[in-house]
Every structure is written in structure tokens, then in C-alpha cells.
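Try each task before you read its solution.

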Amino acid sequence: MTQKRLTRTQFLERLLAIMDRKHHWAWPIIMGPGISKAQLKLHYQQEFLVYVRDFPVLLARVHGQNPPPDVRRMLAENIYEEDTGGLSFGRSHPELFNEMMRGLGFDGETFRRATLLPASARYRTWLEKVTASRDWVVGAAALAVFVEGSVKDRQEIQAPSKPKTEAEIEAYIDAHPLIRHHGIDRQHMDLIRAHQKVEAGHRQDAYTMVVNYAETRNQQNAVLACVTKGLALWMAYRDSIAKACKLKKA
């Protein structure tokens, strides 16, 4: 018997229920005052190699599957910013990431010479596979909904954030853990500024493209299975970083 297609409201709720679980116990520790530079280095090496370095390329693979024009536009704007910084600071987000790392005292070789932990490699392999899917909406769900999303998505969908003023962005920078706990000079924080500058409404775009264009129950099921798989691999990935950093769960 063919399953009845979920309404958009039902489908959105299923997605948000998965994203409600995208939180790892070690995150407050990694962003807290007790973490060492060596532990931060390991954490950021994995982040860089798993998705930061190649995120624009992975997005472009989804764009290249020829989704509808309004989706192509949303993806193209995201790729443009990620790969050029054209909507913010004129430098790609991977470049801005490396600049932030320089503020921590790590040069580019620290990341180019790094190797993936086994769970990190499994998560990266999934990203490669899912963005090569024949159905662009599955790849969009993996990247735009899951990778770029967080446990805060429900709040953002229900009460969308407004574009921040310059003063609000600088206040956010001042409160950032890397400045508060590790003394990074503010000049190295343009990646965080870029996120704050361009991402108002970004979560709505992500869910709109997936919820509106998963047109059959089979597509909806494929998207939900994709995001559920992503969550499992992401949790294992975060577990492995916590273990490598010798972090203890409270």
C-alpha cells in the first residue's frame, strides 16, 4: 500500500524533530574555558577536513543537478558567499577559517597535514555519497538542512532572526569563546562576522527548498532517512573527537 504524502507542516515537523537532537555533550566543553590549544587544534582539524574546506564544492554538486530555478538561486547565492565571500568580506569561508586559526597560532600546514579520524572519514564519505545522489533534494537536505543546521533550527524557523547591525555583530564577536577564553585578536574573526552578516533567513531558505520540493512520499522518506543517517554519523564523529581529546562526559 502506497503511503500518503505528508503535508508540508507534518514533513517540516519530522525534520525539526531530527534536528532537535543535533547536540553533543562535548560541545560546551570544547567551547568552554578549560579546553587546551592542543585539543582545539584536533577539533578544528577534523572540522576543516570533513566539511569546511570543501563545503562550496559539495554545494556546487547539488546545484549542478539542475534543481528548479528558485532553488538554484538560493544555492548559487550560498556557493558565491562560501567560495568568494562576495556578500561579506571578499574572502572564501575556508580562507576565513584559516585566518581564524592563525589567530589561535595554527598555520595552514597544521590543517593540510592533518588526517581524519575513522569516524570523521565515515561522515565525510557520506557527504560525498549523498551529494552525488540523483535526487538533488536529498543532497540539499544533507547540506543545507543538516550540515548547516543545528539544534537551534526550530527556534529559528518559529521566530526568524533579523539581520544584525554592525554593533550587534561586534558585540557577538566580543562574547565569542575564542576571544573570551583564548584571547584571539578580533581582527582574525571575520568568519564569525560573515556568518552573522549573511545568515539571517538562511535557515528558512534551507527548509523551504527541501520541504516544498520533496513532492512524493518516497522523496520525503528519502530525505528523512538521509537526515537521520547524517545525525547518527555526526554523533559518532563528535564522539570520536571527544575521545581523541580525552574529554569526559559530566
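This is a predicted model: local features need pLDDT of at least 70, side-chain atom pairs count only at pLDDT 80 or more; totals for chains, interfaces and linings use all residues.

**Exercise 1. Describe the largest pocket: its volume, its centre and its lining.**

Solution. 

Step 1. Start with the volume. The largest pocket holds about 1,900 Å³.

Step 2. Go to the centre. The pocket is lined by 44 residues. Closest to its centre are Glu148, Ser150, Tyr172, His195 and Glu199.

Step 3. Find the helices. Those that each supply at least two lining residues are α3 (37-52), α6 (93-104), α10 (153-158), α13 (190-198), α14 (202-213) and α15 (217-244). The most comes from α3, with 5 residues.

Step 4. Sort by class. The lining has 20 nonpolar residues, 12 polar ones and 12 charged ones.

**Exercise 2. Which elements give two or more residues to the lining of the second largest pocket? Describe that pocket as well.**

Solution. 

Step 1. Take the volume. The second largest pocket contains about 230 Å³ of space.

Step 2. Locate its centre. Among the 19 lining residues, Met74, Glu77, Asn78, Val198 and His202 are the closest to it.

Step 3. Name the elements. Two or more residues each come from α5 (69-84) and α14. The largest share belongs to α5, which gives 6 residues.

Step 4. Sort by class. This lining splits into 8 nonpolar, 4 polar and 7 charged residues.

Note on methods:
Residues are numbered from 1 along each chain as its sequence is written. Side-chain values use heavy atoms; hydrogens and water are left out. On a 1 Å grid over the protein atoms alone, a cavity is a set of points where a 1.4 Å probe fits but cannot get out, and a pocket is an open set with protein on both sides within 12 Å along at least five of seven lines; lining residues have an atom within 4 Å of a point. Grid points are joined across faces, edges and corners, and a volume is the space filled by probe spheres set on the points. Helices (H or I, at least four residues) and strands (E, at least two) are DSSP runs, numbered from the N terminus. Ala, Val, Leu, Ile, Met, Phe, Trp, Tyr, Cys and Pro count as nonpolar, Asp, Glu, Lys and Arg as charged, and the others, Gly among them, as polar.
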